[in-house]
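This report is a guided reading of one protein chain, written for someone who is new to looking at structures. Please keep the sequence and the picture at hand while you read.

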Amino acid sequence: MAKIKLTKNELRVQKDALKMYRRYLPTLTLKKQQLQAEIRTVEASAKSVRQQREALEKGFFDWIAVFSDEGAFPENAVTVSDIKKGFGNIAGVKIPTYEGAVFSRGDYDLYETPLWVDIAADFMEKAISLDLEAEVLDEQVRLLQKELRATSQRVNLFQQVKIPETVANIKKISIYMADQQVNAVVRSKISKRKIAEQNAAASKREAAE
C-alpha cells in the first residue's frame, strides 16, 4: 500500500476515488458478463458452421461414391480469388465479419471432364465458404476473449485491490484526524485549566498584598 498523506485534502481525494471505483465497477462487471455471453454465442455459431461443413462433406462423399471416376476431379478446380469481410462491434470490441467469398474455376475441358465435376465444384465452393466463415468466427472469439481477460483484470483490480485499499486509506485518515481532534480538545482544556490556575494564583497574590 502506497504511503498517503494524513490530511483533509487527501481524505477528499480518497473518497472521490472510492466513488469512482464503485461507480465504474458495475459497468465493468456488466461488460464482463456481456462478453462471456457473446463468446458463448459466437462459439455456438462456429460449432454450427462446422457441423454444416461436416454434413456437406458427408453428403458430398456419399454422392460422389456413386461415380467410379472420382479421380477425374481436376486439381485447382476451385480457388478463392477474394474474401469479403466487414466489421462489426460486440460489447465495444471491433470484430471482423464474414460476408462471402469470390471463387474462380480452373480451366478444364468441358468435353473430357464428367458432368458431375461442375456439381462437385459447387459443393467445394460451399465447403470452402463454410471453412472461411468458421475461421472468421474463431477470430471473433479470440478478440472477445482478449477483451474479456482485460475486463476481468480491471474488475479484479477494483474489487480486490483498489476498493479495499481506498476504504482502508479513508479509515486510516479518519482515525488519525479524529485522534488529532481529540488531542486538540484535550490540549485546549489543559491550556484553559492552566490559565485558570494562573489567574487564581495571581488573584491570591493580589489579595495578599
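## The paired strands

Strand 1, which covers residues 78-90, and strand 2 run antiparallel and are joined by eleven bridges. One of the residues to look for here is glycine 86, whose bridge partner in strand 2 is threonine 97. Between the strands of this hairpin there are two residues, and alanine 91 takes a positive phi near 55° in the hairpin. As a general point, side chains in a regular strand alternate between the two faces of the sheet.

## The chain as a whole

The model described here is a predicted one. Its protein chain contains two helices and two strands, and if you follow the chain from the N terminus, the elements come in the order α-β-β-α.

The largest nonpolar core has 17 residues, and the members that touch the most other members are Val42, Val93 and Leu144. At least two residues of this core come from each of helix 1 (8-64), strand 2 (93-105) and helix 2 (116-208), and helix 2 gives the most, with eight residues. If residues up to four places away in sequence are left out, valine 42 touches Ile90, Leu137, Gln140, Val141 and Leu144. There is also a second, separate core of eleven residues, and among them are Tyr21, Leu25, Ile163 and Ile170.

Is asparagine 169 buried or exposed? This residue of helix 2 counts as buried because its relative accessibility is 4%, and a residue is called buried under 20%. The side chain of asparagine 169 is joined to that of glutamine 14 by a polar contact of 3.1 Å.

Arginine 154 also lies in helix 2, but this residue is partly exposed, with a relative accessible area of 40%. Apart from neighbours within four places in sequence, arginine 154 is in contact with Leu28 and Glu147. The C-alpha atom of arginine 154 is 8.6 Å from that of leucine 25, although the two residues are 129 residues apart along the chain.

## Salt bridges

Side chains of opposite charge can pair when their charged atoms come close. The structure holds seven salt bridges, and one of them joins arginine 50 to aspartate 138, with the closest N and O atoms 2.4 Å apart. This pair links distant parts of the chain, since arginine 50 is in helix 1 and aspartate 138 is in helix 2, 88 residues apart. Both partners are partly exposed, arginine 50 with a relative accessible area of 37% and aspartate 138 at 33% relative accessibility.

Methods. Residues numbered from 1 in each chain as written. Predicted model: local features only at pLDDT ≥ 70, side-chain atom pairs only at ≥ 80, totals over all residues. Heavy atoms only, no water. Core = buried A, V, L, I, M, F, W, Y, C linked by side-chain atoms within 4.5 Å. Buried < 20%, exposed > 50% of the residue type's maximum accessible area, 1.4 Å probe, protein only. Contact = heavy atoms within 4.5 Å. Polar contact = N/O pair within 3.5 Å; in protein donor to acceptor, adjacent residues only side chain to side chain. Pairing = 2+ DSSP bridges. Salt bridge = Lys/Arg side-chain N within 4 Å of Asp/Glu carboxyl O.
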